[in-house]
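Biologist: Can you bring up the model and walk me through it? I'd like to start with the inside.

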Amino acid sequence: SELVGFVPDYYVMIDWQLVGEMVDAIGGVWFDIPYHMDYDDPYQDLHIHFEPGNTFLNGEDAMKVIRWRHNNYGSPYGNPGGGSDITRIEMRNDFLKAVLSQTLQLKNVTKIGELASLFGERVTSDLTIENLFWFGSQAVMGGLSVDDVNFVTMPYYGVAQGNPYYGRVYPNQSALLELINESLNPFVDEVTLNELDLITVNSNGTLSSS
């Protein structure tokens, strides 16, 4: 509410482990992997190796795909996408759309109860299991389309090198305000900057709040 200027009707905070469990619950998912993934982390016993293209993934594979950010140093496939968190976020959004699209197929109507139970175990929300079951039924039976779902990332800026807060990111206030009023604000009156509690870094290195 401090970030967008109004209190949302409901909230759902997802444990990422839910994604892999959902994929297994619907019997796997097809996803068009955009890059040649070539990454190993022996300390976590994590090995991510996929070729680009439309690939059928189980839950374990799905978790590997959404964890990938960059390839091994010296990989023959280079470092596609620049290896940034933004690249990973964009790919995760595309992956979640693929999962949603395939979950909403009518053949999965019998799995709504199982999916609602997974949500009950893997999310923090002010919705009850019964609420989640009802919303899931409405989504599948009511024809919710993946085109009705949008992902947005908070507009941000990085702090210049030499600043004591270098390495952190803060909201781009004007861009965020435009996003709120164009896409999120449910009211007639526009949200104004003084209704938001946003931190910014001043040129002298101090912090201030909107």
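**Inside the model**

Modeller: Start at Leu 57. Setting aside residues within four places in sequence, Leu 57 is in contact with Val 23, Gly 28, Val 29, Phe 31, Ile 33, Phe 50, Ala 62, Val 65 and Phe 95. Contact means heavy atoms within 4.5 Å. This is a predicted model, where local features need pLDDT of at least 70, side-chain atom pairs count only at pLDDT 80 or more, and totals for chains, interfaces and linings use all residues. Residues are numbered from 1 along each chain as its sequence is written, and side-chain values use heavy atoms, with hydrogens and water left out.

Biologist: Which residues touch the most other members of the largest nonpolar core?

Modeller: Phe 31, Met 37, Leu 57, Val 65 and Phe 95, out of 27 residues in that core. A nonpolar core is a set of buried Ala, Val, Leu, Ile, Met, Phe, Trp, Tyr and Cys residues joined through side-chain atoms within 4.5 Å. Buried means under 20% relative accessible area, exposed means over 50%, and partly exposed is in between (1.4 Å probe, protein chains only).

Biologist: Which elements give two or more residues to this core?

Modeller: Helices H1 (17–25), H2 (59–67), H3 (85–103) and H4 do, along with strands S2 (29–33), S3 (37–41) and S4 (46–50). H1 gives the most, with 5 residues. Helices (H or I, at least four residues) and strands (E, at least two) are DSSP runs, numbered from the N terminus. Another core lies apart from this one, with 9 residues, among them Val 4, Val 191, Leu 196 and Leu 198.

Biologist: What about Leu 118, buried or exposed?

Modeller: Leu 118 counts as buried because its relative accessibility is 13%. Leu 118 sits in helix H4, residues 112–122. Not counting residues up to four places away in sequence, Leu 118 touches Leu 18, Glu 21, Met 22 and Ala 25. Its C-alpha atom is 9.5 Å from that of Ile 129, 11 residues apart along the chain.

Biologist: And Ser 137, where is that?

Modeller: In helix H5. Ser 137 counts as buried, at 16% relative accessibility. Leaving aside neighbours within four places in sequence, Ser 137 is in contact with Ile 112 and Gly 142.

Biologist: New topic. How many aromatic pairs does the structure hold?

Modeller: It holds 7. Rings of Phe, Tyr and Trp (its six-membered ring) pair if their centres lie within 6.5 Å; planes under 30 degrees apart count as stacked, over 60 as edge-to-face and the rest as tilted. Phe 6 and Phe 187 are an edge-to-face pair, 6.1 Å centre to centre with 85° between the planes. Phe 6 lies in the segment before strand S1 (12–14) and Phe 187 in the loop between helix H6 (173–184) and strand S9 (199–201), so this pair ties together parts that are 181 residues apart in sequence.

Biologist: Is Phe 187 buried or exposed?

Modeller: Phe 187 is exposed, with a relative accessible area of 54%. Phe 6 is buried, at 13%.

Biologist: Which rings make a cluster?

Modeller: Ring pairs link Tyr 10, Trp 134 and Phe 135 into one. Trp 134 is partly exposed, at 49% relative accessibility. Phe 135 is partly exposed too, at 38%.

Biologist: Last one. Where is Met 154 found?

Modeller: Met 154 is in the loop between helix H5 (129–141) and strand S7 (156–158). Met 154 is partly exposed, with a relative accessible area of 31%.
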